[in-house]
Structures are given as structure tokens and as C-alpha cells.
Amino acid sequence: MSEKFNVSEIFGEYVFNDTAMKERLPKKAYQKLHQVMEEGTELDLATADIIAHEMKEWAIEQGATHYTHWFQPLTGVTAEKHDSFITAPDNQGQVLMSFSGKELIKGEPDASSFPSGGLRATCEARGYTAWDCTSYAFVRHDAAGATLCIPTAFCSYTGEALDQKTPLLRSMQAINEQALRLLRLFGNTTSKKVTPSVGPEQEYFLVDKEKYLKRKDLIYTGRTLFGSMPAKGQEMDDHYFGAIRPRIAAFMKDVNEELWKLGVPAKTQHNEVAPAQHELAPIYETCNLAVDHNHMVMEILKKTANKHGLECLLHEKPFAGVNGSGKHNNWSITTDDGINLLDPGDTPHENLQFLLVLTCILKAVDRHADLLRESASDVGNDHRLGANEAPPAIISIFLGNQLDDVINQLTSTGTATHSLEGEVLHTGVDTLPDLLKDATDRNRTSPFAFTGNKFEFRMVGSQDSISQPNVVLNTIVAEAFQEACDELEAADNFESCLHNLIKRQATEHQRIIFNGDGYSEAWIKEAERRGLPNIPSMVDAIGSLTTPKAIDLFGKFNVFTEPELRSRAEVLYENYAKSINIEARAMINIASKTLIPSVIKYITSLAESINAVKAACDCDISVQTELLTECSALLSEAKVALSKLEEATDKGLAMEEGKAQAEYYRDTVKAAMADLRAPIDKLEIIVDKKMWPFPSYGDLIYEV
């Protein structure tokens, strides 16, 4: 039997959370810290020294010997530099364990070695990490022992944001300020803070570690660059929500325990659509805490998989032919006293505050659909978006029957007089209860769907940080709130102005609403008719960051400066080209050193067998000869494609980094990669399995 444990007893035991701080900090220090967390005031050094000392003492009790400023540079993963708590030895050679407020508040990693898009030259190395006191410090236990991790922001010596967290915190500040203005207009004088809340659903694949290590493409790129589909994929829909296999269940148990100890509220787990695919979803949290925790989730999924002889694949499309993985970003806005601004209530047609918030969001998403699309852009996500398994690359909003009906009333008559109500679902079985249906169905083909009291942004890639999507959501909605408040505050008649504003926004931005099948060809044509942007690839999306519209938006809320936006665009272009280059080079290496020699060996063996049969008897060898001819033709096709890919990749490497290079890799190198993969995948079906040099798709996704 497995070891029993009490979740309530272990939850947050590795976190210097509010409970730990309340127990350990002097009352004045605790109150001062909370004032900083809630009001954004500056923490004085004396208080910081007290907090640092108690944090260090607590961490040492957890076994910690080192601390690190844990931050999120533009690499897509977290970064850290470890320092021990020891001080310089005294005359007797003894050391003390110390940790100062200055060390807690500020760190100094090398800023020139992280992506900066030209903001930092190689000779300009100084950068700073700054403690984000609104995200709790925690102790991580791993092969290095125990380390106190302090969530921080990361900026350059000259003040530019070089990370994901700084603009996120800026965007949270922007939406807080504008949402409070909106609430005050409706007579709310008690709410002091408005915070975006996020719950990211994390999809992932698990494969056997031993088989993974035999696939250089998975090791180098996170996805299979070659591979033919097995006889069975996901056609039977039997993996989705199916019984969890014992090996996977044991893995999930350990993942949950690790996450709970770190204060991550892991809630839901299940098998996903594709074989070997699974999902983990947490309870909603404050936006920046949700971002930090999602990084922990990805790290712990990887670490725990290794303990179970598994490998966790977070790439958006590790296997062609079956569903890829996303990360649904569930977003809402709540006050410090528990009011959800996206809760429509029982009669949304009468809830004017909700209707204003809703139509502001319609306006924000319609106006900045390109930015929202860019925020979900990733090299791996290009394989997934629009592939009839994930939302299309066209941004639209699903509202459902109830809210869509309210919007239609507003746009047609100017007034909403009723709201559709849910009906009773009769099961037809006497022993089962009749169920009260929601007034609205769900739509999994929509990229941005209203799901009761939140919006679910379904486009985000599984391996990406959720920071940028939330930066965009927070900022574009803050802008819409600001413009609404400016108009309402200046109005002579608030009620009349409010009704007119809600109607106008609903009418002008109704085109963004689509409740139908987002996978259909008809929607692509309809979206074009409506004038909605269709941005098919990451390279096409990056340019939205540097438009005058984007520069004005982010600039007026101090989320990004123009140089920061241009630098991020450069980083993204470079990352795209480098990622495709790595994939192309991996294909060249695997094809030339492993696959083609294996095929030659098989063909040679087949030819020798044919010759032996010819010499032994006058038999019909037409089948063997046909097979030999087919294999030889495919081998020749693969060799020609390999040479073209080598040529294309060499040319790409010689180009200057930037947009043109990224476009070349997208249009030329990726096409050459597809041309090489096609004949080799056909050969995999023909060649004797014993002679194929690495595990097949069937081996990877079914033998876990």
C-alpha cells in the first residue's frame, strides 16, 4: 500500500507563505510587508533585514544551504544563480550563516548573456534582479540539496525589462488602476484592488525514458522529426478521460505531492485526447503567482518523470498525426473583497456593470486581435494552431447563447429586456436526477471563449510561459476600461451615456463574436468577410509588437517602451530561425548518420536475398524485386532531399539575423525538411522493424 499523507498538512510546507511570515515576523515587519504587497509602497532596508533573517532561518530548517533569485528571462525558461548563506571565515576558521535585506531585495546576474534583442551589448554585463514580494519564496529540493528560491523580476542596468515578469507586473498595475475607476463609477467605494486571476491548464505527453533516449530528434528538439503513424492513433477516442494506467497514476501522485508542498493548488488530472497525453489543471490564483506556479509545474513534471523512468514532453506537437498540447489560459478579474467582474449574475441583461465590462473586452480583443495572436506564437505552436485540434489562427470570441442573445438585443433595439435561462435536462432514467442545464454550451474550437465567469484563451502553447498572453490581456482591457471611464466621467447624464456606450461598443465590435465551428473552412471565409485578421504563423505575428498601435498601447500604460518592444521582436525572430535551424541540423544528422545507412543495409540485405533465391531456383521474385525498386527509389528521393536541406540550411545560417532570416527558415528550410521527412516516413513502413534504428510512434505512445 502507498504511504498515506494529509494534503492539508503538507500543502505549502516548502513555502515562506503568509502563515509562515505571520508566525515568524515581528508584527510591525509583517504589517509593513503587507502594506508593500497591497499598496505598492517601498520596503525600507531595516524591515528587509528582519524579513531576510527570518526567511533564512526558516529555509535552513527546511535543509537549505543556498539561496537564488529565481527569474524568467526571455529564454522561455527560468534562470537562477546560487549563493550559499555562509559568510567569510573568522580567525578560527568558523563561518556564520547570514542573509541580508539587501541580498533579498536585489541580485546581480550577468545581463549580457541572456536574450536582449540589442538592448544589451556583450560588454554591457550588469543587470539586476528585484524581489517580487507578492509571490512567495519557496525551498526547492533536488539533487543539489535544498535551495531557497526568491521570485524576482530582471532588468538591465539602464532599466529595460529583460524578463517576462516585469511587464506582467506593470500590466497588472494598469488594469488595477483602470478597473478601480470603473468600479467607482458604479458606486463601489469598498474595493481597494482589482487583480487578474488565472488558471492555466497544462497538457503534456509522457513516454518511456529508455525509448526517448534512442530518439535524437526528441532529445535535440522536443519533437519527432521523423515517424509514421501506427495502425491506431486517437480515432477511437478511448484515451480521453480513460482509466489512468498504474505507472502514470504513480507519476501523477508524486507530481501532486511535490506541487502541494510548494503551494501549487493542483486540482484536476486526466488522460487527454492523444495516446500518452495527459493534463493537469490548478485552481485559479493571482496572475503573477499563477505564472510562477506554472513554471514550477513544468519543472516538476519533468523532474518527476525522470524518477519514474519516463520523459515528459512539453512541445506543442511532439508527434505528427495526433493532437498536440496546449495550455488553456483561464482569465478573470476579481476585487480584493471577492467580486468577480466577469460574473454575469442570474440576469445579465440587467447587470449594467457586467455589460460594460463585457463590451469593453469585445472592443479590446477586436482592436488588438493581432497582439493576442502574437502572445500565443511559438515555433511549436505553428504545428498546432488551425490544425483542427486547436483553435484557429483567427481570433474570435465565443459568448454562448445567453450572452449572444443579450448582445443581439442591444445591437438591434438598443435595450436588453431578458436573458435566456437554462432548461431542465431530463435523463430518462428514474434513478438519475434531472439536471439543470447551463444557459450556454461550451465551444472547444473557439480561441477566446466565455465560460461562465471567465474567459478561456485556448491558443497558448504547452511549453510557453503564460506571462505574455496575460500581459496583453491585462493591457488591452485596461485601455478599453480607460477609454470607457474617460467618457463616462465626462458625461452630464451618466445613465444615458452608459447605455449608449454599451450599445455602441456591442455594435461596433460584434464582428469578433463567433459561436460556430472554428475548425470549418466556412469560418475562414466568413472571418475574411468580417475583416478579421488571419495570421497563420509566428513569423507573421511578431510584427504586431512594433506597430504604432502597439507602441502607443503599451507606452501609455508603461508596460513596454518602444525599445523594449523592438528588442522582443528581434529576440522572437532570432529564436524562430535558431529553432528551425536546430531541427534542420538534427534531421540532417539523423538522416545521414542513422536512417540512410540503415535503409542501405536493408536494401543490401534484400538484394542479397533476391540473388540467393535466383541462384537456388527458378522462382517468382517479382514481389521482392518490386519492393527493392520501391525502397531504392525512396532512398534516392531521400538523398536528394537531404542535399537540398543541407544547402538550404547553410544559406539560412549565412543570412543576417532578423525578420528576413526567419521568413527564409519558415518558407524554404521548413519545406525542405518536409521533403526529407516524406520518403523516410514511407521507408519506415517498409523496412524490417529489427533494422529500423529507433523506436516507432507505436513504441513511444503505446508502450508507456
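**A loop residue and the helices around it**

Mentor: Asn558 is exposed, with a relative accessible area of 59%. The model is a predicted one. Asn558 sits in the loop between helix 18 (548-556) and helix 19. Its phi is positive, near 55°, and the residue is not a glycine. Most residues other than glycine have a negative phi.

Helix 19 (residues 562-616) packs with helix 20 (residues 622-654) at an angle of about 160°, and the two axes are 10 Å apart. Because of that angle, helix 19 is roughly antiparallel to helix 20, the cut-off being over 145 degrees. Their crossing is left-handed. Sorted by class, the residues of this contact are 19 nonpolar, six polar and four charged.

Next, the nonpolar core. The largest one has 128 residues, and the members that touch the most others are Phe226, Leu399, Phe554 and Leu676. Helix 19 supplies the largest share of this core, with 20 residues. Setting aside neighbours within four places in sequence, Phe554 contacts Leu371, Val471, Val472, Thr475, Val559, Phe560 and Leu565. There is also a second, separate core of 40 residues, with Val15, Tyr212, Ala274 and Ile300 among them.

Helix 9 (residues 246-261) and helix 10 (residues 287-307) pack at about 135°, with axes 10 Å apart. The two are therefore oblique to each other, and helix 9 passes helix 10 in a right-handed crossing. From helix 9, the contact takes in Phe251, Asp254, Val255, Glu258 and Leu259. From helix 10 come Met296, Val297, Ile300, Leu301, Lys303, Thr304 and Ala305. By class, this contact has eight nonpolar residues, one polar and three charged.

To put the two pairs side by side: helix 19 and helix 20 cross left-handed, while the crossing of helix 9 and helix 10 is right-handed.

Technical notes:
Residues numbered from 1 in each chain as written. Predicted model: local features only at pLDDT ≥ 70, side-chain atom pairs only at ≥ 80, totals over all residues. Heavy atoms only, no water. Axes fitted to C-alpha atoms, helices over the stretch in contact; angles between N-to-C directions. Helix = DSSP H or I, 4+ residues; strand = E, 2+ residues; numbered from the N terminus. Parallel < 35°, antiparallel > 145°, perpendicular 65-115°, else oblique. Left-handed = near helix turned anticlockwise from the far one by under 90°. Nonpolar A, V, L, I, M, F, W, Y, C, P; charged D, E, K, R; others polar. Core = buried A, V, L, I, M, F, W, Y, C linked by side-chain atoms within 4.5 Å. Buried < 20%, exposed > 50% of the residue type's maximum accessible area, 1.4 Å probe, protein only. Contact = heavy atoms within 4.5 Å.
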